[in-house]
Amino acid sequence: MAKIIAISNQKGGVGKTTTAINLSSALSHLGNKVLLVDFDSQGNASQGLDALTSNGQPTVYNVILEDYPIEKAIVHGQKTPVDILPANISLAGADLVMDRLDYGKEQLLKAALEPVRDEYDFIIIDCPPSLGLLNTNALTAADSVLIPVQCEYYALEGVTQLLLTIRLVQKTSNPNLSIEGILMTMFDYRTRLSVDVSQEVRHTFGRLVYQNSIPRNVKLSEAPSRGVSIFEYDTRCKGAKAYASLAREMLHIEEEPAP
Ligand SMILES: Nc1ncnc2c1ncn2[C@@H]1O[C@H](COP(=O)(O)OP(=O)(O)O)[C@@H](O)[C@H]1O
Ligand SMILES: [Mg+2]
């Protein structure tokens, strides 16, 4: 049965989608079967893996709100070995529709994933940049939350609020939700700022923070324009190595010794 991990932070531009795509791919390259759920109406994860191919294609919206069979909406990655449940702009209206439901509005994604849960080792959910009902649905469906934090001023702004939201979900719709880890992203070892922020985050959150952080690496921002993860774009770059190491850290696999 798949472990379900939500990649969440209500701030935009902190590396959620980049992490969702490349962590999914890294886990797959380590021999796992992975489904990436795009749960953001911007559809960046779907576009980044070339999963939106035709107009009128079914998306996560049709699956959670119109009972469309999830198996038929899942796109099998072509060049990157990850399955994708795509999203597009239609998801922007989902909050309103969900909010009108009398009961179970937090459980829609969880229920939708149930039929395919046994087919995967990991289901990774790329969350939207907000703390609304979509995010609550993701946290209710998930076993754990991975929180990307960008190495910049105000990095921690919002994380406290996200942690409160996580606690609320734990008290109400998902008592088993845990924190997978906090991931420092866009780390630039040449700047004092990155080093300071990283130290502050590690000081505040201790062992919740991954040993591996993700460096700022232009290749990571280029790969989506080719519709592939970093491992098909440039497997030797710093960004690929960082996401591969993160996946190994997550699975508690020892680092390979340097050649
Ligand atoms: N480690 C990185 N190095 C360089 N650019 C990055 C890195 N991580 C993300 N980016 C770029 O920063 C922008 C925001 O990242 P994204 O993953 O889309 O964030 P979010 O999903 O949180 O909004 C994108 O243009 C992305 O390509
Ligand atoms: Mg995103």
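1. The backbone nitrogen of G239 sits 2.9 Å from a polar atom in the side chain of N217. N217 belongs to the loop between α9 (192-205) and α10; helices are DSSP runs of H or I with at least four residues, strands are runs of E with at least two, and both are numbered from the N terminus. With a relative accessibility of 13%, N217 counts as buried, where buried means under 20% relative accessible area, exposed over 50%, and partly exposed in between (1.4 Å probe, protein chains only). Beyond its neighbours within four places in sequence, N217 is in contact with C237, K238 and G239, contact being heavy atoms within 4.5 Å.

2. On provenance: this is a predicted model, in which local features need pLDDT of at least 70 and side-chain atom pairs count only at pLDDT 80 or more, while totals for chains, interfaces and linings use all residues. Residues are numbered from 1 along each chain as its sequence is written, chains are lettered from A and ligands numbered from 1 in the order in which they are written, and side-chain values use heavy atoms, with hydrogens and water left out.

3. The surroundings of ligand 1 come next. Its shell holds 14 residues, and G13, T17, T18, P215 and N217 are the closest; a residue is near the ligand if one of its heavy atoms lies within 4 Å of it. By type, the shell divides into 5 nonpolar, 7 polar and 2 charged residues. Here Ala, Val, Leu, Ile, Met, Phe, Trp, Tyr, Cys and Pro count as nonpolar, Asp, Glu, Lys and Arg as charged, and the others, Gly among them, as polar. Helices α1 (16-29) and α10 (218-222) each supply at least two residues of this shell, and the largest share, 3 residues, comes from α1.

4. Which protein atoms approach the oxygen and nitrogen atoms of ligand 1? A polar backbone atom of V14 is 3.1 Å from an oxygen atom of the ligand. An N or O atom in the side chain of T17 is 2.9 Å from an oxygen atom of the ligand. On the nitrogen side, a polar backbone atom of P215 is 2.9 Å from a nitrogen atom of ligand 1. Taken alone, ligand 1 exposes 550 Å², of which the protein buries 77%; the areas come from the Shrake-Rupley method with a 1.4 Å probe.

5. T17 is found in α1 and counts as buried at 19% relative accessibility. Residues up to four places away in sequence aside, T17 touches N44, A45 and D126. The C-alpha atoms of T17 and P128 are 9.2 Å apart, across 111 residues of sequence. S25 also lies in α1 and is buried, with a relative accessible area of 0%.

6. In the largest nonpolar core, which has 52 residues, L113 and I125 touch the most other members. Such a core is a set of buried Ala, Val, Leu, Ile, Met, Phe, Trp, Tyr and Cys residues joined through side-chain atoms within 4.5 Å. Not counting residues up to four places away in sequence, I125 touches I4, I5, A6, I7, V37, F39, L109, L113, A138 and A141. A second, separate core has 33 residues, including I7, A26, L220 and L246.

7. The side chains of E180 and S144 are joined by a polar contact of 2.5 Å. Leaving out residues up to four places away in sequence, E180 touches K3, I5, S144, V145, L146, Y210 and M250. Between E180 and Y210, 30 residues apart in sequence, the C-alpha to C-alpha distance is 9.3 Å.

8. Backbone points to check: D50 has a positive phi of about 60° although it is not a glycine. D50 is in the loop between α2 (44-48) and α3 (60-66) and counts as partly exposed at 45% relative accessibility. Y154, not a glycine either, has a positive phi of about 60°. Y154 lies in the loop between β6 (144-150) and α8 (159-171) and counts as exposed at 62% relative accessibility.

Key:
Polar contact = N/O pair within 3.5 Å; in protein donor to acceptor, adjacent residues only side chain to side chain.
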